[in-house]
Every structure is written in structure tokens, then in C-alpha cells.
Amino acid sequence: MIDVLGSLLVPSGWIALLLALSLALFPIPRFRRLARRGLLSAALVYGVFGLGPVAHALLGPLERAYPPLPNPPNLDGVDTIVVLTGYAARNPAMPPTDQLNVSSAYRLMHALWMSTRQAGSRILISGGGESARVMGEVAVIMGLPAERVTLDDTAVDTGDSAKHLRQRDSDASCVLVTSAGHMPRAMGVFKRQGIQCIPAPTEFYSTYPMGFFDYLPSPRNLVLSDLAVHEYLGIAWYRLRGRL
């Protein structure tokens, strides 16, 4: 239910609702003017949140909150690389790497890069059931020894990931890997649980310069606006529940 509500509270969700209501009302003569206004409002939402400057202005503050790790990273004393899952689903018809969505692929690749710099560190993949298991399988396929992969596939959300790590190993010295836009919320949750992690953000979008066509409305920019609004709503929800 929360996931459905969250998908409706971002700009693309507003557009979908406005379009659905407008199409439902349009056949009724007395509501036709209201339906036209709904269509115009949907176009306006797309025209605003589909612009590159708007999307970057929304996502930028989140992604700049924690800078990327230097190359090579200094991981002295780190024994655990915590990777928060995105989405993944097992599909035998597809190569293993194609079973991860973009966020999961970025996060796992970033963790594997760091694991090559810190011999003996383990990767803890935390989050939603099958996503964690598929990411763990891909990590092993990519060459990480199975004994260095630990799964927390019972964590429902970021708050659970932090709570489970504290219960599992409250003294763990860890690096936290997640998408740059999600890092402020994730770090706040882990700090709330008393866990001090080194932030290792990945999957940056707003740091890249905009091209000419980014100044025109596009689905890609709308996706970035969705990501940003989703995170701001998530931060507000977590604060309301006392999880930050």
C-alpha cells in the first residue's frame, strides 16, 4: 500500500492521476471543461518537472550531501561493506547481470570495486527478499568469494537494514553503499541506530553537465524529478516516524 501511495505522490503519479480523471470525466458534458483543465494541468506538470534545470535543482542537494569516495578509497579498518538493494528479480532467460535494475547494478558494482581495495572485507547485501539473493548471486558470479557475501534478505526498508546491522554487529566498521540521492536518508537512519558508516554514494545524475536537449521537457528528466520528490517525501515520513 505504501509503495502504491508513494508512486502516486511523485510528479509522474500526478500526471497519471490527472490523465485518468480527465479521461473519465471527458465523456460527461457538464464535466468536460474540468476534464480539459485536468489535461492542461497534466501537461503543465510534465512541462515543469520534465525540465533538466528543475530535475537537477531538486536532485542536486541530495546528491551533493555526501561526496564520492576518492580513487583509490581509504578503507583502513573497514570490515563490512553494506549495500542497500534496489530491485532485482531472477529470470533464467536473461544473463545474471540483466536481472538487476540500474540502481542495484550501480550499487553492487561500487561495492565490488571497494572490495578489491580492502582484502578480507565482507559485503553485506541488505533489503527485500529476492533482490538481496539475486544481487548476492551476481556478486559471486563476478568473482567475489561466496564466504565474503552475507545477505540480510528480511529487511523491508532502509530502517530495517540499519536496525538489523546493529542487532547483528553493533561494533561493525562499515562503508554504506547506496544511490547518491538516497544517501542522506540512509545515513540519517544508520546514525539514528548508532552506527557510524563511511558514506560511499554511487549512481550520480545531477553532477553531469546538461546538454541542449536537457532544457526541454523529457521523460528522463521526469524520472530524476520523481527520484528527488520520492526522497524528500521519504525523509519527511521517516522524520514523522522518529526514524531519523
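## Helix packing and aromatic pairs

Helix α5 (residues 102–117) and helix α6 (residues 130–141) pack with their axes 11 Å apart, at an angle of about 45°. That angle makes α5 oblique to α6. The model you are looking at is a predicted one.

**Helices α5 and α6**

- Seen as a crossing, α5 and α6 are right-handed.
- On the α5 side, the residues in contact are S104, L108 and L112, and they meet M135, V138 and A139 of α6.
- Sorted by class, this contact of α5 with α6 has five nonpolar residues, one polar residue and no charged residues.

**Helices α2 and α3**

- Helix α2 (residues 11–25) and helix α3 (residues 32–49) have axes that come within 8 Å and cross at roughly 160°.
- An angle over 145° counts as roughly antiparallel, and α2 and α3 are therefore roughly antiparallel to each other.
- The crossing in which α2 passes α3 is left-handed.
- From α2, the contact draws on P11, W14, I15, L18, L19, S22 and L25.
- From α3, the residues taking part are R32, L34, A35, G38, L39, S41, A42, V45, Y46 and F49.
- By class, the contact of α2 with α3 has 13 nonpolar, three polar and one charged residues.

**Aromatic pairs**

- How many aromatic pairs are there? The count comes to two.
- One of them joins W14 and F49, whose ring centres are 5.3 Å apart. Their planes stand at 85°, so this pair is edge-to-face.
- W14 sits in helix α2 and F49 in helix α3, 35 residues apart, and the pair thus links distant parts of the chain.
- Both W14 and F49 are also among the residues that make the contact between α2 and α3.
- F49 has a relative accessibility of 17% and so counts as buried; the cut-off for buried is under 20%.
- F212 and F213 form an aromatic pair too, with 5.2 Å from centre to centre. The planes of F212 and F213 have 80° between them, and the pair is edge-to-face.
- As for accessibility, F212 and F213 are both exposed.

Key: Residues are numbered from 1 along each chain as its sequence is written. This is a predicted model: local features need pLDDT of at least 70, side-chain atom pairs count only at pLDDT 80 or more; totals for chains, interfaces and linings use all residues. Side-chain values use heavy atoms; hydrogens and water are left out. Axes are lines fitted to C-alpha atoms, for helices over the stretch in contact, and angles run from 0 to 180 degrees between N-to-C directions. Helices (H or I, at least four residues) and strands (E, at least two) are DSSP runs, numbered from the N terminus. Angles under 35 degrees count as roughly parallel, over 145 as roughly antiparallel, 65 to 115 as roughly perpendicular and the rest as oblique. A crossing is left-handed if the near helix is turned anticlockwise from the far one by less than a right angle, and right-handed if clockwise. Contact means heavy atoms within 4.5 Å. Ala, Val, Leu, Ile, Met, Phe, Trp, Tyr, Cys and Pro count as nonpolar, Asp, Glu, Lys and Arg as charged, and the others, Gly among them, as polar. Rings of Phe, Tyr and Trp (its six-membered ring) pair if their centres lie within 6.5 Å; planes under 30 degrees apart count as stacked, over 60 as edge-to-face and the rest as tilted. Buried means under 20% relative accessible area, exposed over 50%, partly exposed in between (1.4 Å probe, protein chains only).
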